[in-house]
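Visitor: Could you walk me through this one? I'm new to reading structures, so please go slowly.

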Amino acid sequence: MSPDSATPRAENACFTIHGIGVSGGIAIGHAHLFHGMSTEVAHYEIAGHDVGREQRRYDRAVKEVRDELQALTDDVLHGPASELAPFVNVHRMLLEDAAFSEAPREIIREQRCNAEWALRSQLDELTAQFGDIEDEYLREREADVRQVAERVLAALAGSRRRLPVKPAREDAEMILVARDLSPADVILFHEHPFAAFLTDMGGATSHTAIIARSMAMPAVVALHHSRSLIREDELIVVDGNEGIVVVNPSPAALAEYRLRQNQERLAREKLRQIRSAPAITLDREPVALHANIELPTDMDAVRESGATGIGLFRSEFLFMNRADLPSEDEQYEAYREVVEGMQGKPVTIRTLDIGADKALDGQENLAENPALGLRAIRYCLAEPRLFNAQLRAILRASRHGRAQILIPMICSQHEITLALAAVARAKAELKEEGVKFDSQVPVGAMIEIPAAAIALPMFIRSLDFLSIGTNDLIQYTLAIDRTDDAVSHLYDPLHPAILALVAGVIRTATRHGKPIAVCGEMAGDVRLTRLLLGFGLRHFSMHPASLLAVKQRILTTDLAGIEATVAKVLRSDDPDRIAALVDKLNA
Ligand code: PEP
Ligand code: MG
């Protein structure tokens, strides 16, 4: 599809779109539209008895686009960009035309081909006819036909597809505008940096959002129509704090945002002054502040943040954006780089947490409910060779510093037993081969499934340490898909059930003398720092970008002074009162 296939509208129109700000900060730059579909579409034959099913798949995609366009019409009619309505109507009419609603179904039947190919063939047919049209107005409708076809192709593809990101202009700040981005897509921004990104889909604690925060890259998701409203190269302001996107800002608005951008920069520079100060409360209680990383390339940010350890190395990112799996040696080099880089400070390497919204290349997750499927330790136990290679690599790296192994998504004693047996097996192999490693490497588990939090005493004795993954703990406790913007407003770390679970896990771990950390997004949310301190937490792990703000809050906290208010939070089951008490803690 042509790269400039946004919905036609008045040139340089200034308008604002609202979404969910998932990564703070302000970016000003030029839009680069990512179109999920290329003109290359798959072509495959289908069996005669599958024709009906393929036609229904096509119908579903058309319906999805019909709903999308209906929603877009409603939005533009009631929004500041109402002049766009006639253009959206043209797309709706085109979609209802037999050329779209019927012809591809016929092609599926006649040629026994997949729906994408049928639509592609029909598009070729239609665009060939446009070439012969003399009327300029009608000829211009070719772009509309392409855009409608692109929408249907995108709907056929679903939200998961790969992103080959290459900024077109290196010299300016670029802002990526996409329908959806996977965590694997965003991690590529290390190589092709964008100033910010916008997506039409997505939730606040999806891994995509988490990586944006860890890269301190402003991001707004759940914009619904950004990709069709914004044009290639337009100047846009992204306010990741408020979830606002201003397209073609007026000179006054631009000046205001530049001012705020500068203020934020100054505030960040000021925070840097406490970089090497120890994190200690006013009543002299020390607190460990560790960093979460995805790749060894994050180590510069870790050093900048003054983190005193790595509390979560999301090792699965070593496995993404590649056709093959990283070998044991390649993993060893990556873990070694981080362990050595931390110079004797602890490095907690989480074993592969693949599944749900993080897929390996070529392993499209076909499960009905991937977040409840073969994810994390479940996947590793089902793939013992792959798990063994990773454990061996971590153990080999352990002799270069202080490594710890963290097992994600533990739910039952049986899984712990199997995981610990796998560690013992990897150790025995290395010993047999005469390879050096730290035989005392601590093995811990993530507490991120409600069952594990509730039944913690069941397996706590088998573990050396624990880390609470609040992102998944909230997802699974409140039954909210982290990646689904339709329910992201229900994602609530202050829900009484979440507070009871988090406080309970910290209490149980402390009683058993087991080190306990929080490594989910709650740890990096400065609004929750005092609450977690009041729960007894002394070990936080977060993306480096928020570490200094959390440290500053710790430096100004008097533990004795917050005790009574924290106790009231835990006794309350009234959300408004809980919010008011948390505000009081931060006053
Ligand atoms: C969590 O679930 O809170 C966590 C830290 O792990 P992830 O976000 O990678 O699932
Ligand atoms: Mg998790």
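Visitor: What do the buried residues of helix H20 pack against?
Guide: The buried residues of H20 pack against helix H10 (251–271), strand E9 (288–293), helix H11 (299–305), helix H19 (529–534) and strand E16 (539–542), where contact means heavy atoms within 4.5 Å. Helices (H or I, at least four residues) and strands (E, at least two) are DSSP runs, numbered from the N terminus.

Visitor: And which residues of H20 are buried?
Guide: In H20, which covers residues 547–555, they are Leu547, Leu548, Val550, Lys551 and Ile554; buried means under 20% relative accessible area, exposed over 50% and partly exposed in between, with a 1.4 Å probe and protein chains only. They lie on the same side of H20 because they cover an arc of only 155 degrees around the axis, the arc being that of the directions from the helix axis to the C-beta atoms.

Visitor: Before we go on, where do these values come from?
Guide: This is a predicted model, in which local features need pLDDT of at least 70 and side-chain atom pairs count only at pLDDT 80 or more, while totals for chains, interfaces and linings use all residues. Residues are numbered from 1 along each chain as its sequence is written, chains are lettered from A and ligands numbered from 1 in the order in which they are written, and side-chain values use heavy atoms, with hydrogens and water left out.

Visitor: Okay, new topic: how many helices and strands are there in the protein chain?
Guide: The protein chain has 22 helices and 16 strands, and 55% of its 587 residues are buried.

Visitor: Is Val221 buried or exposed?
Guide: Val221, found in strand E6 (residues 219–221), is buried, with a relative accessible area of 3%. Leaving aside neighbours within four places in sequence, Val221 is in contact with several residues, including Gly19, Ile20, Phe197 and Thr199.

Visitor: How far apart are the C-alpha atoms of Val221 and Asp485?
Guide: Those C-alpha atoms are separated by 8.1 Å, although Val221 and Asp485 are 264 residues apart along the chain.

Visitor: What about Thr208, which residues does it touch?
Guide: Not counting residues up to four places away in sequence, Thr208 touches Leu181, Ser182, Pro183, Val186 and Phe197. Thr208 lies in helix H8 (residues 207–214) and is buried, with a relative accessible area of 8%.
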